[in-house]
Amino acid sequence: MSGQNWQLPERDQFLLCATPDAWLAQAVENLDTLLIDHANCEKKAAATAINLMFRYTGHLDLQNKMSRLAREELVHYEQVLRLLKKRGIAYEPLSASRYASRMRANVRTHEPERMIDTLVVGAFIEARSCERFEAIAPLLDEELQKFYLGLLKSEARHFQDYLTLARNVAGYDVADRIAVFAEADRAAVEDPDEEFRFHSGCPASTLGC
């Protein structure tokens with residue numbers, strides 16, 4: 001079944017919840033951490049795409065899409081590094097958020113199911129990043145607002161590329177796997193989180209989380 005015949009969901013149909021207002025308020029108060037962790041996320045996204053290229057060499061469509069994605073993520077990484085330098089923010093080590101590990105805990109270990117699930121997780125990471133860029137942009141200064149809004153188009157395409165690849169590899173609709181990871185994404189976003197990161201959950205100090 002050709003990927004072109006599938007109806008790709010819009011981002012906000014794909015995600016089960018929006019980023020909590022409490023996370024947005026916390027992000028505005030922690031812009032240094034936001035930018036540092038954003039840089040980390042872009043670097044990890046590029047590494048993930050390259051790892052997929054090495055793991056699944058026989059899938060030419062994946063090779064092409066992941067090569068392009070890795071290049072774009074590294075450009076974004078360089079753009080965040082320039083912002084850090086311009087703002088005098090030291091690029092210091094940060095522990096990783098729990099988001100990716102919670103998502104990947106549901107990935108099956110045998111092939112091709114592992115590949116399908118890994119691609120679906122990639123779609124969720126890109127979709128959630130896109131949603132957060134758009135949500136936080138209006139709350140930031142003009143420079144950061146322009147930067148984050150400028151990332152929306154590529155992040156949306158990355159989400160759709162991952163999802164299309166997952167469905168093409170499976171050869172059938174993967175709605176059941178999407179449902180599994182959609183719930184994992186919602187839990188990671190809405191559950192209380194002690195640490196602030198780009199993909200962290202609701203601040204634990206906030207009532208109602």
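Student: Is Cys-41 buried, exposed or partly exposed?
Tutor: Buried means under 20% relative accessible area, exposed over 50%, partly exposed in between (1.4 Å probe, protein chains only). Cys-41 has 21% relative accessibility. Therefore Cys-41 counts as partly exposed.

Student: What kind of model is this?
Tutor: Residues are numbered from 1 along each chain as its sequence is written, and side-chain values use heavy atoms, leaving out hydrogens and water. Local features need pLDDT of at least 70, side-chain atom pairs count only at pLDDT 80 or more, and totals for chains, interfaces and linings use all residues, since this model is predicted.

Student: How many disulfides does the rule give?
Tutor: Take Cys-17 as another case: its closest cysteine sulfur is in Cys-202, 10 Å away and too far for a bond. By the rule, the disulfide count is zero.

Student: Is Cys-17 buried or exposed?
Tutor: Cys-17 sits in the loop between α1 (11-14) and α2 (21-29). Helices (H or I, at least four residues) and strands (E, at least two) are DSSP runs, numbered from the N terminus. The relative accessible area of Cys-17 is 12%, so Cys-17 is buried.

Student: Which residues does Cys-17 contact beyond four places in sequence?
Tutor: Contact means heavy atoms within 4.5 Å. Val-189 lies 172 residues from Cys-17 in sequence, with 8.0 Å between C-alpha atoms. Leaving aside neighbours within four places, Cys-17 is in contact with Arg-128, Arg-186, Val-189 and Glu-190.

Student: How are α6 and α8 oriented to each other?
Tutor: Axes are lines fitted to C-alpha atoms, for helices over the stretch in contact, and angles run from 0 to 180 degrees between N-to-C directions. Angles under 35 degrees count as roughly parallel, over 145 as roughly antiparallel, 65 to 115 as roughly perpendicular and the rest as oblique. α6 (residues 113-136) and α8 (residues 152-170) pack at about 160°, axes 8 Å apart. That makes the pair roughly antiparallel.

Student: How many charged residues are in the α6 and α8 contact?
Tutor: Among the residues that meet are Met-115 and Phe-133 in α6 and Phe-159 and Tyr-162 in α8. Ala, Val, Leu, Ile, Met, Phe, Trp, Tyr, Cys and Pro count as nonpolar, Asp, Glu, Lys and Arg as charged, and the others, Gly among them, as polar. The contact of α6 with α8 has 17 nonpolar and three polar residues, and the charged count is three.

Student: How do α6 and α9 lie to each other?
Tutor: The axes of α6 and α9 (residues 175-190) come within 10 Å and cross at roughly 40°. Therefore the two helices are oblique.

Student: How many charged residues are in the α6 and α9 contact?
Tutor: The contacting residues include Asp-117, Arg-128 and Arg-132 of α6, with Arg-177 and Asp-185 of α9. By class, the contact has seven nonpolar residues and no polar ones, and its charged count is five.

Student: What is the relative accessible area of Gly-201?
Tutor: Gly-201 lies in the loop between β1 (192-193) and β2 (202-203). Beyond four places in sequence, Gly-201 touches Trp-23, Ala-188, Val-189, Asp-191 and Asp-193. Gly-201 is buried, with a relative accessible area of 1%.

Student: Which residue does a cis peptide bond join to Glu-111?
Tutor: Omega is about 5° at this bond.

Conventions
A disulfide is a pair of cysteine sulfur atoms within 2.5 Å.
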